[in-house]
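Open the structure in a viewer and keep the selection tool at hand. The stops below can be taken in order.

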Amino acid sequence: MTSSLKEQLPDVYEDIQDTLESAKLILTDAVPNAKTLFHTPVVSLSNGRDISSRVMVLREFDLDKRILRFHTDNRAAKIQVINESNLASVVGYDPDLKVQIKMTGNVDVHIKDKVTEDAWSESTSRSKKCYSVKGGSSLEIQNPADYDIKDFEVEEGYENFAVLIFNFISLEFLYLKSSGHRRALHNWEGKYTATWLVP
Ligand SMILES: Cc1cc2nc3c(=O)[nH]c(=O)nc-3n(C[C@H](O)[C@H](O)[C@H](O)COP(=O)(O)O)c2cc1C
């Protein structure tokens with residue numbers, strides 16, 4: 001996290017809209033900034049029977065469109081879960097900022113379309129390399145070393161590439177401060193509402 005971001009955030013929250021503005025600053029910073037834990041939030045999915053969570057790298061945040069973008073392997077188990085139910089929750093926390101941001105919404109899977117083309121073209125070779133792993137994610141194997149990526153053609157990974165677009169419907173901002181915690185819920189279901197909650 002850059003010190004300038006911390007300086008931009010209020011020390012005390014009085015106006016509820018400041019919590020949304022802070023969430024915007026934090027999540028915008030988190031896309032390029034690998035030093036904040038908001039760069040790697042936890043994405044949870046449920047097919048109605050089981051819940052599964054995993055850490056993923058945040059690739060884009062857009063408050064106007066209310067989306068987060070993630071990249072993954074289209075052979076991953078999570079794709080199957082999303083195909084059963086696209087309900088999702090994303091949570092992140094940064095101990096330095098003392099802020100937790102929790103969002104709920106729906107995920108759309110993109111494979112070989114304009115969204116994946118754009119995301120792939122802005123990915124680094126290092127990121128693209130992951131998608132050249134043989135067999136695909138979650139396959140049960142005898143020897144992990146057999147699956148180290150050695151000889152690969154970086155562009156071939158596009159075959160296995162997927163983009164997840166998480167459209168959030170609610171965003172909850174929790175600020176932990178000894179003088180008084182602050183918890184705000186922003187909800188876009190129907191008409192936008194914002195309310196303070198008991199922390
Ligand atoms: C720091 C970190 C970053 C990760 N980033 C991603 C990511 O951007 N995309 C992804 O699919 N998996 C990522 N993973 C791996 C996932 O946490 C997970 O293990 C993998 O995607 C398989 O999940 P699934 O079986 O639920 O599909 C990351 C793991 C860590 C520890």
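This is a predicted model: local features need pLDDT of at least 70, side-chain atom pairs count only at pLDDT 80 or more; totals for chains, interfaces and linings use all residues.

**Stop 1: the ligand.** Select the ligand and the residues around it. The shell has 14 residues, and R54, T72, A76, A77 and K78 are the closest. Sorted by class, 6 of the shell residues are nonpolar, 6 are polar and 2 are charged.

Stop 2: The UniProt record, an unreviewed entry, places the feature "domain: Pyridoxamine 5'-phosphate oxidase Alr4036 family FMN-binding" on residues 52-110. Select that range: the chain there is 58% strand and 14% helix, with the end C-alpha atoms 20 Å apart.

**Stop 3: helix α3.** Which residues of α3 are buried? Show the side chains of K78, V81 and I82, which are buried in α3. These three lie on the same side of α3, because they cover an arc of only 100 degrees around the axis. Now turn to the other side of α3, where Q80 and N83 are exposed.

Stop 4: In soluble globular proteins, nonpolar side chains tend to be buried together. The largest nonpolar core here has 33 residues, and I26, L27, L68, I101, F166 and F173 have the most contacts inside it. At least two core residues come from each of α2 (16-30), β1, β4, α3, β5 (87-94), β6 and β7 (161-175). Select β7 on its own: with 9 residues, β7 gives the most to this core. Then centre on I26. Apart from its neighbours within four places in sequence, I26 is in contact with F38, L97, V99 and I101.

**Stop 5: two loop residues.** Most residues other than glycine have a negative phi. Where does R66 sit? Look in the loop between β3 (60-62) and β4. R66 is not a glycine, yet has a positive phi of about 55 degrees. R66 is partly exposed, with 17 other C-beta atoms within 10 Å.

Move on to K112, in the loop between β6 and α4 (114-121). K112 also is not a glycine and has a positive phi, of about 45 degrees. K112 counts as partly exposed, with 13 C-beta neighbours inside 10 Å.

Definitions and conventions: Residues are numbered from 1 along each chain as its sequence is written. A residue is near a molecule or strand if its C-beta atom, placed from the backbone, lies within 6 Å of it. Ala, Val, Leu, Ile, Met, Phe, Trp, Tyr, Cys and Pro count as nonpolar, Asp, Glu, Lys and Arg as charged, and the others, Gly among them, as polar. UniProt positions are given in the numbering used here, feature names are shortened, and annotations may be inferred rather than shown by experiment. Helices (H or I, at least four residues) and strands (E, at least two) are DSSP runs, numbered from the N terminus. A residue is buried if 20 or more other C-beta atoms lie within 10 Å of its own, exposed if 12 or fewer, and partly exposed in between; C-beta atoms are placed from the backbone. The arc is that of the directions from the helix axis to the C-beta atoms. A nonpolar core is a set of buried Ala, Val, Leu, Ile, Met, Phe, Trp, Tyr and Cys residues joined through C-beta atoms within 7 Å. Two residues are in contact if their C-beta atoms, placed from the backbone, lie within 7 Å.
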